[in-house]
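Me: I would like to learn how to read the features of a structure one at a time. Could we take the surface, the fold and then individual residues?

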Amino acid sequence: MVTATSLASPFICCPLKLSSSSPSYINPQRNQRSPTSYPCIKADLDQNTVVAISVGVVSVAMGIGIPIFYESQIDNASKRDNTQPCFPCNGSGAQKCRFCLGTGSITVELGGDEKEVSRCINCDGVGSLTCTTCQGSGIQPRYLDRREFKDDD
């Protein structure tokens, strides 16, 4: 078995040898350890080492804290009712057809003052289409609800 007094390392000191020539950090008046205490570890840390350790601890804390924060925000948002009206259709659930501009018919000038009016092929003569953002509900979907997850297999 290896004892603390038999270890040969510049980083470990043993307070078991209490003498008048002991360093000040082992002095029994300053350090109230009993003679049977464990060895203490000496470490001469420079400023760069302290900064590196601090950055590591903060990085780990941020790596754990940020995902937990976002998860709690997502949970809180899913508990609230979504009442924000859809922006593209102003909450109506329908958008004006871009081909016929909401009239339901297309007018084509043939020349010589001749015009041909036909039903719009985009909206089938209705003049409006179901809003593609809210799918006709009139409520602005949340960000993750807008995404379509497709299986690419």
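Predicted model: local features only at pLDDT ≥ 70, side-chain atom pairs only at ≥ 80, totals over all residues.

Me: What percentage of the residues count as buried?

Reply: Buried stands for a relative accessible area under 20%. In the protein chain, 14% of the 153 residues count as buried.

Me: How is the secondary structure read, and in what order do the elements run?

Reply: Take the inventory, then the order. The protein chain has two helices and six strands. Starting at the N terminus, the order is β-β-α-β-β-β-β-α.

Me: What share of the contacts in the protein chain with a separation of 6 or more comes from residues 24 or more positions apart?

Reply: Among contacts with a separation of 6 or more in the protein chain, 51% are between residues 24 or more positions apart.

Me: What does UniProt list for residues 51-70, and what is the chain doing there?

Reply: An annotation and a geometry should be read separately. The unreviewed UniProt entry lists residues 51-70 as "transmembrane region"; such annotations may be inferred rather than shown by experiment. In the model, residues 51-70 are 100% helix and 0% strand, with 28 Å between the end C-alpha atoms.

Me: How many aromatic pairs are there, and how is a pair described?

Reply: Two quantities describe a pair of aromatic rings: the distance of the centres and the angle of the planes. The count here comes to one aromatic pair. The ring centres of Phe69 and Tyr70 are 5.5 Å apart and the planes stand at 65 degrees, so the pair is edge-to-face. The cut-off behind that label is an angle over 60 degrees. As for cover, Phe69 is partly exposed at 46% relative accessible area, while Tyr70 counts as exposed at 52%.

Me: Where is Asp46, and which side chain does Asp46 join in a polar contact?

Reply: For a polar contact, look at the partners, the distance and the setting. Asp46 lies in the loop between strand E2 (40-41) and helix H1 (47-79). The side chains of Asp46 and Thr49 are joined by a polar contact of 2.5 Å. Asp46 is partly exposed, its relative accessible area being 40%.

Me: Where is Gly104, and which residues does Gly104 touch?

Reply: Gly104 is in the loop between strand E3 (94-96) and strand E4 (105-111). Leaving aside residues up to four places away in sequence, Gly104 touches Ser118, Arg119, Cys120, Cys123, Gly125 and Gly127. Gly104 is buried, with 5% relative accessible area. A C-alpha distance gives another view: Gly104 and Asp124 are 20 residues apart in sequence and 7.1 Å apart in space.

Me: What is the phi of Leu101, and what is the phi of Gln135?

Reply: The general rule is that most residues other than glycine have a negative phi. Leu101 has a positive phi near 60 degrees. Leu101 belongs to the loop between E3 and E4 and counts as exposed at 61% relative accessibility. Gln135, which is not a glycine, has a positive phi of about 60 degrees. Gln135 is in the loop between E6 and H2, and is exposed with a relative accessible area of 56%.

Key. Residues numbered from 1 in each chain as written. Heavy atoms only, no water. Helix = DSSP H or I, 4+ residues; strand = E, 2+ residues; numbered from the N terminus. Buried < 20%, exposed > 50% of the residue type's maximum accessible area, 1.4 Å probe, protein only. Contact = heavy atoms within 4.5 Å. Polar contact = N/O pair within 3.5 Å; in protein donor to acceptor, adjacent residues only side chain to side chain. Phe/Tyr/Trp six-rings, centres within 6.5 Å; stacked < 30°, edge-to-face > 60°.
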